[in-house]
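The paragraphs below go through a structure step by step. Keep the sequence and the 3D view open while reading.

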Number of protein chains: 2
Amino acid sequence: MTAAHPRLSLNQATIRHADLATALQVTEGAGIGAIGLWREPVAAVGLSKAAALMAGSGLRLSSLCRGGFVTGRENRAALDENKRAIDETAVLAAAGAPGSAPVLVLVAGGLPDGDRDLIGARSRVREAVGALVDHAAGAGVVLAIEPMHPMYVADRGVISTLGQALDMAEQFPAESVGVVIDTFHVWWDPALNEQIARAGCGGRIASYQVGDWITPLPPDALLARGMPGEGHVDLQSITESVQKAGYRGDVEVEIFNEAVWQADPTWVAEQTAELFDRSTGLTT
Amino acid sequence: MTAAHPRLSLNQATIRHADLATALQVTEGAGIGAIGLWREPVAAVGLSKAAALMAGSGLRLSSLCRGGFVTGRENRAALDENKRAIDETAVLAAAGAPGSAPVLVLVAGGLPDGDRDLIGARSRVREAVGALVDHAAGAGVVLAIEPMHPMYVADRGVISTLGQALDMAEQFPAESVGVVIDTFHVWWDPALNEQIARAGCGGRIASYQVGDWITPLPPDALLARGMPGEGHVDLQSITESVQKAGYRGDVEVEIFNEAVWQADPTWVAEQTAELFDRSTGLTT
């Protein structure tokens, strides 16, 4: 087994049907040094066991997915849930190998049912980040606001551009609030390069994820992501911009794709390592 | 038959399977005063007959769809085709009732096959507009650059935001190059209100179209549009912004939706008139 790129991290969503132990094992088996975890498979074994598995794996944690979903008009329960997610992030990052990133990915959430007030929903996300930032700081965790593709604005994420995510993040200290740059979500943005530079200057890049855009868009738009290099995104050029902006953390591959999910996770992990090298051009 | 809103225009794509004569007839029959035509049904009867039908209908022309598709690395044929489209726009607008708008909608086109250079494709659109502007000015036609939803950037339209369309349009005289504001394409944009104001100040709003965003996104993302009021878009607030920006032209309803296409065009035209009133809140 050749080692994968030293900065590659496999996001667990790419091998969605593997349980935590399997996910850690196939990641390590493919020579990949880091993993991005999801809360559900962590919860399935319990946090202490998950931390023990993580510690035993020798893998770095690159992020935990996900907090957020704070666009509701009544957010108390969602905020409590986010505080628990922050605590989990701290525990899992501490259990991970040196270089682990205590990063909690925040997906904003969509419009509440029957609600057309997009501006209002967006302002509630900002308020929620404000309500969580002290808890995050106390736990040493970075809240990473993820701009999502505009096609998800109604039902998943009302933060639609990197610029908008930065406008929000910059209202808080950089050690506690950053952004996720996921190529699948932001590749189309005419302002992408300048916003990546801005994010880098301010030390706001908490996570970088690579995924591709394939056409035709599959029937379920949520599962539209292609493996790196399979689609239309110039991953090499975007990765270069992120590199130039000073980001030196792990680079996650997070693919929501039914065919990928149906494949053997060992094979998917190996494929990921190979495609990552070929498509990102990342040398250091 | 109650008259429809005096500024409503039915875009022919909403009743896609009707031929030109039928489209004009059901539009008039629904008490709608204007129509947005498409080149294909015009070509099916020939330009002179189309102009005669238009003149006989008493309807205003609100726009002709569509020119553009100029992202190819070799654009000569596309530019010639666009010049023909400009000439057709002038003829059809002259044949329409007073208040007709000589507006040619430009859909940029997507990435060329196997090409990941989005910045290059976008710069070729700017060059193409530059190559067409004199011909448009000579014909008294406005080229209306249409920003398309970012989910179409790979395969249909590389101009993704109103701001980007304005950046391009503003390099040319306002009497020859403007923009289309279609709610379906731009509603998600965090910068929407300021860009609508900017477009209005510069006299760049050549066309305003209302369509809704429905969830879940239908399997064919191209046919994802909902009738006004059926989805998540705050049409009333966006229409108010466009109105405040000084736009007083016709407002098109352009819906790509398989179920709408299968329905009786007479019923669709009447429904459009009713839903338009209820959802846009447009009083003048």
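Which residues are buried in H6(A)? They are A:Leu162, A:Gly163, A:Gln164, A:Ala165, A:Leu166, A:Met168 and A:Ala169. The model is a predicted one, and a residue counts as buried here if 20 or more other C-beta atoms lie within 10 Å of its own. Helix H6 of chain A covers residues 162–169, and because seven of its eight residues are buried, it is largely enclosed by the rest of the structure. The buried residues of H6(A) pack against several elements of chain A: helix H5 (118–139), strand S5 (142–145), strand S6 (177–182), helix H7 (183–186) and helix H8 (192–201).

One residue to look at next is A:Val179. Together with B:Val179, it touches the most other members of the largest nonpolar core, which has 201 residues. In soluble globular proteins, nonpolar side chains tend to be buried together. Apart from neighbours within four places in sequence, the contacts of A:Val179 include A:Leu162, A:Ala165, A:Leu166 and A:Ala169. A:Val179 is also in contact with A:Ala144, A:Ile145 and A:Pro147, and with A:Ala199, A:Arg204, A:Ile205 and A:Ala206.

Strand S7 of chain A spans residues 205–210. Six of its six residues are buried, so S7(A) is largely enclosed by the rest of the structure. S6(A) and S7(A) run parallel and are joined by four bridges; A:Ile181 stands opposite A:Tyr208 in S7(A). S7(A) also pairs with strand S10 (residues 251–253) of chain A, in the parallel sense and over three bridges. Here A:Gln209 has A:Glu252 in S10(A) as its bridge partner.

Just after H1(A), A:Gly31 takes a positive phi of about 80 degrees.

Now take the chain as a whole. Chain A has 11 helices and 10 strands. Its radius of gyration is 17 Å, close to the 19 Å that the globule rule gives for 284 residues, so chain A is as compact as a globular protein of that length. Along the principal axes, the C-alpha atoms of chain A fill a box of roughly 50 × 40 × 35 Å. Of the 284 residues, 58% count as buried. Among contacts in chain A with a separation of 6 or more, 79% are between residues 24 or more positions apart.

How many residues of chain A are in contact with chain B? There are 23, and they touch 23 residues of chain B. On the chain A side these divide into 13 nonpolar, six polar and four charged residues. Chain A is superposed on chain B by a rotation of 180 degrees with 0.0 Å of shift along its axis, at an RMSD of 0.0 Å. That is the relation of a two-fold axis. The residue of chain A that comes closest to the rotation axis is A:Pro219, with its C-alpha at 1.9 Å. Since 100% of the interface residues of chain A are also interface residues in chain B, the copies meet through the same surface.

Terms used: Residues numbered from 1 in each chain as written. Chains lettered and ligands numbered in written order. Predicted model: local features only at pLDDT ≥ 70, side-chain atom pairs only at ≥ 80, totals over all residues. Buried ≥ 20, exposed ≤ 12 C-beta atoms within 10 Å, placed from the backbone. Helix = DSSP H or I, 4+ residues; strand = E, 2+ residues; numbered from the N terminus. Contact = placed C-beta atoms within 7 Å. Nonpolar A, V, L, I, M, F, W, Y, C, P; charged D, E, K, R; others polar. Rg over C-alpha atoms; globule rule 2.2 N^0.38 Å. Least-squares fit on C-alpha atoms with pLDDT ≥ 70 in both. Core = buried A, V, L, I, M, F, W, Y, C linked by C-beta atoms within 7 Å. Pairing = 2+ DSSP bridges.
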